[in-house]
Amino acid sequence: MENPLLLSPQPNASSRMKLLYKSMKPFHKDGPKTEAKNGAQEKKNRLSLLLKKSELHQNPTHLDTFEKLTNPSSESPEEIKKWGESFDKLISQKAGIDAFIRFLKSEFSEENIEFWLACEDYKKIKDPGQLSLKAKEVYKTFIEKDALKEVNLDFNTKERAGQNISHPTVNSFDAAQTKIYMLMEQDSYPRFLKSNLYSDLLNGRPLGYSALRRRSRSFTFNEFKDAQPDFAIWL
């Protein structure tokens with residue numbers, strides 16, 4: 001008796017190739033096209049975003065999307081330049097303090113200048129009753145442990161300030177205020193002078209202009225540094 005397997009017709013090489021092609025046909029039909037379609041849509045989206053950023057970069061009237069077009073400082077460029085001579089000259093003018101506060105807010109450290117200003121207001125109080133109330137307010141807001149706007153002071157300075165509010169005088173916070181002044185002068189002030197904010201003020205540019213240019217350049221380089229022209233996907 002002959003083997004039934006030998007009696008069954010065996011597909012030749014050509015038939016096997018046809019069967020293989022039929023099994024792969026759905027993949028060729030949908031896979032690459034779907035992938036190309038998704039890739040085309042992604043590139044269109046990225047190109048659209050680039051064009052919007054490019055338009056924003058070229059048209060200054062759109063800068064208010066990020067920042068106000070008018071500078072908050074009423075000082076002349078000559079006066080603003082003097083802010084770079086010393087920290088004392090910067091905080092001796094209201095416009096300088098406003099600019100410095102804006103910068104510190106960008107670094108989430110505005111409590112330092114707020115404490116310094118609170119101490120300046122405190123020293124102007126003449127009434128003993130008001131002086132006592134203000135002393136407690138300043139201590140609870142800026143100095144005590146886990147205060148809402150706790151400033152960076154060493155243990156001894158904090159202890160001394162806490163003892164002083166029991167019998168407050170206009171000089172109760174002098175040591176703490178001096179420490180914070182030196183911290184801002186040596187740490188925050190040099191960074192302020194190198195900041196985009198000060199550069200924009202100094203050159204009479206809209207605030208945020210320098211940062212926007214940097215973001216635009218970074219977007220162009222990072223998003224398209226590896227891109228290759230592929231016009232076929234647009235067809």
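This is a predicted model: local features need pLDDT of at least 70, side-chain atom pairs count only at pLDDT 80 or more; totals for chains, interfaces and linings use all residues.

Q: Which residues of the largest nonpolar core touch the most other members?
A: That core has 39 residues, and those touching the most other members are Trp-83, Phe-100, Phe-115, Phe-173 and Phe-192. At least two residues of this core come from each of helix 4, helix 5, helix 6, helix 7 (128–143), helix 9 and helix 10, and helix 5 gives the most, with 7 residues.

Q: What about helix 9, and where does it bend?
A: Helix 9 bends by about 40 degrees at Glu-185. It has 20 residues, and the distance from its first C-alpha to its last is 26 Å, close to the 28 Å expected at 1.5 Å a residue.

Q: Which residues of helix 9 are buried, and what covers them?
A: The buried residues of helix 9 are Ala-176, Gln-177, Ile-180, Tyr-181, Met-184, Ser-188, Tyr-189 and Phe-192. Their cover includes helix 4 (87–91), helix 5 (94–106), helix 6 (111–122), helix 8 and helix 10 (196–202).

Q: Then there is Ser-172; where does Ser-172 lie, and is it buried or exposed?
A: Ser-172 lies in the loop between helix 8 (155–164) and helix 9 (174–193), and with a relative accessible area of 6% it falls under the 20% cut-off, so it is buried.

Q: What does the side chain of Ser-172 reach, and which residues does Ser-172 touch?
A: The side chain of Ser-172 reaches the backbone nitrogen of Thr-169 at 2.8 Å. If residues up to four places away in sequence are not counted, Ser-172 touches Tyr-122, Ala-161 and Asn-164.

Q: Changing topic, what is the phi of Phe-108?
A: Phe-108 has a positive phi of about 60 degrees, although it is not a glycine. Phe-108 lies in the loop between helix 5 and helix 6, and it is exposed, with a relative accessible area of 72%.

Q: And what is phi for Asp-146?
A: For Asp-146, phi is near 60 degrees, again a positive value in a residue other than glycine. Asp-146 is found in the loop between helix 7 and helix 8, and because its relative accessible area is 66%, over the 50% cut-off, it is exposed.

Q: Last, the whole chain: how many helices and strands does it have?
A: The protein chain has 11 helices and 0 strands. Buried residues account for 27% of its 235 residues, and its accessible surface comes to about 16,400 Å², of which 55% belongs to carbon and sulfur atoms. Among contacts between residues at least 6 apart in sequence, 61% join residues at least 24 apart.

Note on methods:
Residues are numbered from 1 along each chain as its sequence is written. Side-chain values use heavy atoms; hydrogens and water are left out. Helices (H or I, at least four residues) and strands (E, at least two) are DSSP runs, numbered from the N terminus. Buried means under 20% relative accessible area, exposed over 50%, partly exposed in between (1.4 Å probe, protein chains only). A polar contact is a pair of N or O atoms within 3.5 Å; within protein, one must be able to donate a hydrogen and the other to accept it, and residues adjacent in sequence count only if both atoms are side-chain atoms. Contact means heavy atoms within 4.5 Å. Accessible areas come from the Shrake-Rupley method with a 1.4 Å probe; for residues, only the protein chains shown count as cover. The expected span of a helix is 1.5 Å times one less than its number of residues. The bend at a residue is the angle between axes fitted to the seven residues ending there and the seven starting there. A nonpolar core is a set of buried Ala, Val, Leu, Ile, Met, Phe, Trp, Tyr and Cys residues joined through side-chain atoms within 4.5 Å.
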